[in-house]
Amino acid sequence: ALNGNTTVDNDEFFNILSASEETLCKFYEDKEQWATQYVGTLEERVENLRQAAEQQVTSSDSSDASLYEEEKKDSMDEDENLLGFNSKSTRMVRRNVEVLKEEYRNFAKSQHFHHYIYAKKSLDTFLRELNLLIEFLDLNKMAFSKILKKFDKVTGSCIREEQMNEIFERNSYLEGDALRELKGQVKDMLHDTEENKPCLPDGWGDRKVYTIGCFDLFHRGHQNVLKSLREFGYFIVAGIHDDESYFKLKKKYPIDSLETRMKNVKPFVDQIYVIPSTDPLLYIKSMVSEQDIESGQCCYARGDDMLEFPGRPWVESVMPVHFVPRTEACSSTLIRTIYHDSDSNLRAKLAFAKTRYDGKPVDANGDVIKITPMTSQRSS
């Protein structure tokens, strides 16, 4: 309505402004409803952690840790005056390593650690989502103000302040008070989560953490998973499927090139290797050193959207495997459709659609909106 910059159809302008308000309000109401409901899920996860922490006091994990510490002390006492390792002390060291490796595996399977990871990662992710929503509201407030400022400039009127006040009266949610209240609740739950964090085994934070993915259309779900991997060790190694193996796996080429996907992932990891096959087993075997396997200084971690990932039997035979919860309502397929599908009506429909936990879009009745697979030809 302001494109001409000379004449303005006032009715058209205010109709567009009103329609924008309605669209924004509907989008926000859906997001706030989801956020309010999801707090219940978070409270349940934190409560599960509290209960697991109480039960852990008498768990077998504690006795295993005590046994390891006792054996380690005996070994140190025995070797105190030796210039080098004799056969007996070497056997003791190897035994201690095996005890520690078994402790890592038991710890990875413990309910206490499982509930901690799910509570911590979910809360961290949700806090980022709330911050993004608050930023989204701030951007829309700025947009309304700038649009009305331009209207005043083009028409010679002076209505911006009055119109902004009316917009805020109709849309009080723009101040973000409800979201900030939710942030306070989340921070309290994060404090409780840290209070109930399990005591990590010796050397836990010194491990290498391996993961594999495609990472096309890199989004906040990818970021959240990669950030959470630091809970399992200090050095993150990520395998990325190349373009051809991506095509064979998904029957479509990635939107982002391999180089772009590598650049997007690198800030969140320490090392990257490329997987030119649909079967990653040979390549992860080549990346993991025998020394790390023997000393227990490695583990594998990924999102829980694919529990039976390719190569899991071998990976699990040599290192602990961890899973973290996926980010709700995030999906590369959905993003691909919204920004790259040839059907403009479908793109517009999905841009404001509600989504399920797995990121699939749903209609007003909660039924999944069917997305026709896009062409498999390589994007330019």
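Residues are classed here as nonpolar (Ala, Val, Leu, Ile, Met, Phe, Trp, Tyr, Cys and Pro), charged (Asp, Glu, Lys and Arg) or polar (the others, Gly among them). The model is predicted, with local features requiring pLDDT of at least 70 and side-chain atom pairs counting only at pLDDT 80 or more, whereas totals for chains, interfaces and linings use all residues. Numbering runs from 1 along each chain as its sequence is written, and side-chain values use heavy atoms, with hydrogens and water left out.

On a 1 Å grid over the protein atoms alone, a cavity is a set of points where a 1.4 Å probe fits but cannot get out, and a pocket is an open set with protein on both sides within 12 Å along at least five of seven lines, lining residues being those with an atom within 4 Å of a point. One cavity of 30 Å³ or more is present, and the largest cavity has a volume of about 70 Å³, a volume being the space filled by probe spheres set on grid points joined across faces, edges and corners. Its lining, which includes Trp34, Lys121 and Arg326, comprises four nonpolar, three polar and four charged residues.

The largest pocket, with a volume of about 1200 Å³, is lined by 41 residues, of which His222, Lys250, Arg302, Asp305 and Ser332 lie nearest its centre; by class, 19 are nonpolar, 13 polar and nine charged. The second largest pocket holds about 1000 Å³ of space and is lined by 26 residues, with Phe27, Lys31, Arg220, Ala329 and Ala351 nearest its centre; this lining has 15 nonpolar, five polar and six charged residues.
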